[in-house]
Amino acid sequence: MISENLKTSAFILRCFSYSESDLIVTFYSNDFGKVQGIAKGAKKSKKRFVNVFEPFSLTKIIFSRKKPDSLAFINSCEIIDHYCDIREDLEKTLTASYFTDLTDHFSPEGKVNKKIFELLNNFLLLLSEEKVTEATLRFFEMRLLKLAGFEPALDHCVRCKAPVTNGESYYFYPREGGIKCAACAEPERYEQPISTGTVRTLLLGKEMDINKIKMVSLSGASATECRSILIGFITHVLGREIKSLKVMEQVRNMCL
Ligand SMILES: [Zn+2]
């Protein structure tokens, strides 16, 4: 039995050709979490689906399906926001693609999480209006990890549980999901300590009002440390590198 028509707002995560005329589309919806569906005839139909399945577009989708875990049949898809301001700028486009890619990687199908939908919404609006900064990237990662249930422990040493203290050095252990104080870490000579300032910045970025992110300037050592913690952790959790991150960083390095 096919379900009634289900209606939701959704961000397009990715889309690929399935046959001569059909597309398989993965979207992150407000009401049903991540859903994979087929848009029959989408490559031929000029009326029903015109350029609607581009990554990170916000859409209104109507679909039906047999069971919650079966492939959805996409009946219609309309654009709510195409984010033209983002698409006019290569760096912003690659950043938005990275955000949707990361959301895709951290979202099991069918698990509803309205806060993740809201996170994407807020950060795409931020990208529309402001320049891409290190803080935008790292705070998105930090918040997504938290909402997806993979928040690294950064406010205390994972071994002795002592809270982060100013002036101390810390070491990050992706496998153990957090930082250790110098006494517990027994660092090798090549390991780089992380400053308390970096740890505090990431903790702050997790909760900070979205409108204040543009005022945060992460630079030099702090930017390097933040990236090393978060990307190291994300790569460890996912068990692989993220291609869209590499592409985005290559372009950012060329532009800077
Ligand atoms: Zn310790």
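1. Glutamate 4 sits in the segment before β1 (6-17) and, in this predicted model, is exposed, with a relative accessible area of 69%. Not counting residues up to four places away in sequence, glutamate 4 touches Phe63 and Ser64. The C-alpha atoms of glutamate 4 and isoleucine 74 are separated by 12 Å, although these two residues are 70 residues apart along the chain.

2. The domain assignment divides the chain into domain 1 (6-82) and domain 2 (87-255), and the C-alpha centres of domain 1 and domain 2 lie 29 Å apart. To the contact between them, domain 1 gives 21 residues and domain 2 gives 20 residues. The size of an interface is often given as the accessible area lost when the parts come together. Between domain 1 and domain 2 this buried area is about 1,800 Å², and carbon and sulfur atoms give 59% of that area. On the side of domain 1, Tyr28, Lys34 and Phe56 lose the most area to domain 2, and together they account for 42% of what that side buries.

3. Across the interface of domain 1 and domain 2 the rule finds 4 salt bridges. A salt bridge is also found between glutamate 54 and arginine 87, where the closest N and O atoms are 3.5 Å apart.

4. Phenylalanine 56 lies in the loop between β3 (33-39) and β4 (58-64), and at 1% relative accessibility it counts as buried. Tyrosine 83 likewise has a positive phi, near 55°, in a residue other than glycine. The place of tyrosine 83 is the loop between β5 (72-81) and α1 (84-87), and tyrosine 83 is buried, with a relative accessible area of 2%.

5. Arginine 138 belongs to helix α4. Is this arginine 138 buried or exposed? With a relative accessibility of 1%, which falls under the 20% cut-off, arginine 138 counts as buried. Leaving aside its neighbours within four places in sequence, arginine 138 is in contact with Leu202, Leu218, Cys226, Arg227, Leu230, Ile231, Leu245 and Glu249.

6. The zinc ion is coordinated by the SG atoms of Cys157, Cys160, Cys181 and Cys184, at 2.3 to 2.4 Å. The 4 donor atoms subtend angles of 101 to 118° around the zinc ion, so the arrangement is tetrahedral. In sequence, the donor residues follow the spacing C-x2-C-x20-C-x2-C. Because cysteine 160 lies in the loop between α4 (134-147) and β6 (169-173) while cysteine 184 lies in helix α5 (residues 182-185), this pair ties together parts that are 24 residues apart in sequence.

7. Cysteine 160 is partly exposed, with a relative accessible area of 40%, whereas cysteine 184 is buried, with a relative accessible area of 12%.

Notes
Residues are numbered from 1 along each chain as its sequence is written. This is a predicted model: local features need pLDDT of at least 70, side-chain atom pairs count only at pLDDT 80 or more; totals for chains, interfaces and linings use all residues. Side-chain values use heavy atoms; hydrogens and water are left out. Donors are N, O and S atoms within 2.8 Å of the metal (3.2 Å for Na, K and Ca); water is not among the atoms, so sites may look incomplete. Four donors count as tetrahedral if all angles lie between 85 and 135 degrees; four count as square planar and six as octahedral if opposite donors are over 155 degrees apart and all others between 65 and 115; anything else is irregular. Helices (H or I, at least four residues) and strands (E, at least two) are DSSP runs, numbered from the N terminus. Buried means under 20% relative accessible area, exposed over 50%, partly exposed in between (1.4 Å probe, protein chains only). Domain bounds come from an automatic or database domain assignment. Contact means heavy atoms within 4.5 Å. Buried area is the accessible area (1.4 Å probe) that two parts lose on being put together, summed over both. A salt bridge is a side-chain nitrogen of Lys or Arg within 4 Å of a carboxyl oxygen of Asp or Glu.
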